[in-house]
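Please look over the notes that follow alongside the sequence and the model. They are set out as numbered points for someone new to both.

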Amino acid sequence: MVAGRSKYRNLIYFFILISPFLAAGLSLFIGRYPIDPVDLFHIIISNLTGTEVRYPTAYRTVIFEVRLPRIILGLLVGASLSAAGATFQGIFRNPLVSPYILGISSGAAFGAALSIAIVPQFPVQISALLFSLIAVGFAYYIASSRGSTPVISLILSGVIVSAIFDSMLSIIQIAVNERALQSIVYWLMGSLGAASWSRVNSALPLAAAGMMIIFLLRWRLNVLALGDEEARGVGMNTDLYKALFVLAAALAASAVVSVVGIIGFVGLVVPHMIRMLFGPDHTHLIPLCMAFGATFMVLVDDIARAGMGFEVPVGVITTLIGAPFFAYLLRSTRSGGWE
């Protein structure tokens, strides 16, 4: 009986790891512009092999300039937010922590609004990324005292920084004209609708760097999750690794938020889902969160862009789908995966 459960669990584990590739392949067939699956398959094969096939130019444009960059950006967003969420939850030992805990979303929103409404010469993506990192740095500076950075101080400083940037965002929203206000609100809702290769290229380096650091050092999160005293007891420099993980998670989250806007719920719920299924060991939790978060984001975006007659902000769909599933898992497990 135990062997059967272990085999079933290993199959789920393997399926989650390969699921981003399956979701990406499936999503290529989904969209408002109808392309026959056989034609789509021939075009992809011809592009890979360099052979020439006669199809309308619009087919290649839809596949390689619209759907593919959107899918890749969705994979990157889901993996980054989920890895950042799992990292912050492990460091802060708090199940309610999301990637935006240190003011990333508020800083990015203020930066984007500043660029849209006041300094249009400054690109929105760069402004959002810059101010999200400023917010994290400011929160970390406030929390640090006498060479240490207590977890509670970090959370409280994140609340303070978020409140400051939210207030400044409100001032901009009140002062701007109606058209600029609509642009700001649309950016705040988060969407993959403007995905392009340039956005993929601008987010990929920092997001990949942040996720790589988290992945390579993931086993140390198990020690940090025990608490500062226990971690110091085994010889770990807790402040050094805490700063390193915060920086890596902030980089990953800020990089994707700067190009797609604020997409909530993914970084909060995906780590919980994986933790409930496979436990709190970050050695397995981090890669599974990256894979499942990427899959979740791409599939939800498929529904957002093709499930209705109009495109719905993807953040709305992530909540509507993720919340019931999360509630089911919460009732099915005794401790939410933390024990």
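1. Which residues does Ser-254 touch, not counting residues up to four places away in sequence? Ser-254 touches Ile-104, Leu-129, Ser-132 and Leu-133, where contact means heavy atoms within 4.5 Å.

2. A word on the basis of these notes. This is a predicted model, in which local features need pLDDT of at least 70 and side-chain atom pairs count only at pLDDT 80 or more, while totals for chains, interfaces and linings use all residues. Residues are numbered from 1 along each chain as its sequence is written, and side-chain values use heavy atoms, with hydrogens and water left out.

3. Ser-254 lies in helix 11; helices here are DSSP runs of H or I with at least four residues, numbered from the N terminus. Ser-254 has a relative accessible area of 1% and is therefore buried (buried means under 20% relative accessible area, exposed over 50%, partly exposed in between, with a 1.4 Å probe and protein chains only). Its side chain reaches the backbone oxygen of Ala-250 at 2.6 Å.

4. Helix 11 (residues 238-260) also packs with helix 8 (residues 197-216): their axes come within 8 Å and cross at roughly 160°. That angle makes helix 8 roughly antiparallel to helix 11. Axes are lines fitted to C-alpha atoms, for helices over the stretch in contact, with angles running from 0 to 180 degrees between N-to-C directions; under 35 degrees counts as roughly parallel, over 145 as roughly antiparallel, 65 to 115 as roughly perpendicular and the rest as oblique. On the helix 8 side the contact is made by Arg-199, Ser-202, Ala-203, Leu-206, Ala-207, Gly-210, Met-211, Ile-213 and Ile-214. Residues of helix 11 in this contact include Leu-244, Phe-245, Ala-248 and Ala-249. By class, the contact of helix 8 with helix 11 has 15 nonpolar, two polar and one charged residues (Ala, Val, Leu, Ile, Met, Phe, Trp, Tyr, Cys and Pro count as nonpolar, Asp, Glu, Lys and Arg as charged, and the others, Gly among them, as polar).

5. Helix 3 (residues 57-92) and helix 12 (residues 266-278) have axes that come within 7 Å and cross at roughly 70°. The two helices, helix 3 and helix 12, are therefore roughly perpendicular to each other. The contact of helix 3 with helix 12 has six nonpolar, six polar and one charged residues.

6. The C-alpha atoms of Val-266 and Gly-315 are separated by 8.6 Å, with the two residues 49 residues apart along the chain.

7. Helix 4 and helix 5 pack with their axes 7 Å apart, at an angle of about 145°. In helix 4, Ile-104, Gly-107, Ala-108 and Phe-110 are among the residues that meet helix 5, where the partners include Val-124, Ser-127, Ala-128 and Ser-132. The contact of helix 4 with helix 5 divides into eleven nonpolar, five polar and no charged residues.

8. Ser-106 is placed in helix 4 (residues 104-117) and is buried, with a relative accessible area of 6%. Its side chain is joined to that of Asp-166 by a polar contact of 3.0 Å (a pair of N or O atoms within 3.5 Å; within protein, one must be able to donate a hydrogen and the other to accept it, and residues adjacent in sequence count only if both atoms are side-chain atoms). Leaving aside neighbours within four places in sequence, Ser-106 is in contact with Ser-162, Phe-165 and Asp-166.

9. Leu-17 is in helix 1 (residues 2-27) and is partly exposed, with a relative accessible area of 35%. Beyond its neighbours within four places in sequence, Leu-17 is in contact with Pro-287, Leu-288 and Ala-291. Leu-17 and Thr-295 are 278 residues apart in sequence and 9.5 Å apart in space, C-alpha to C-alpha.
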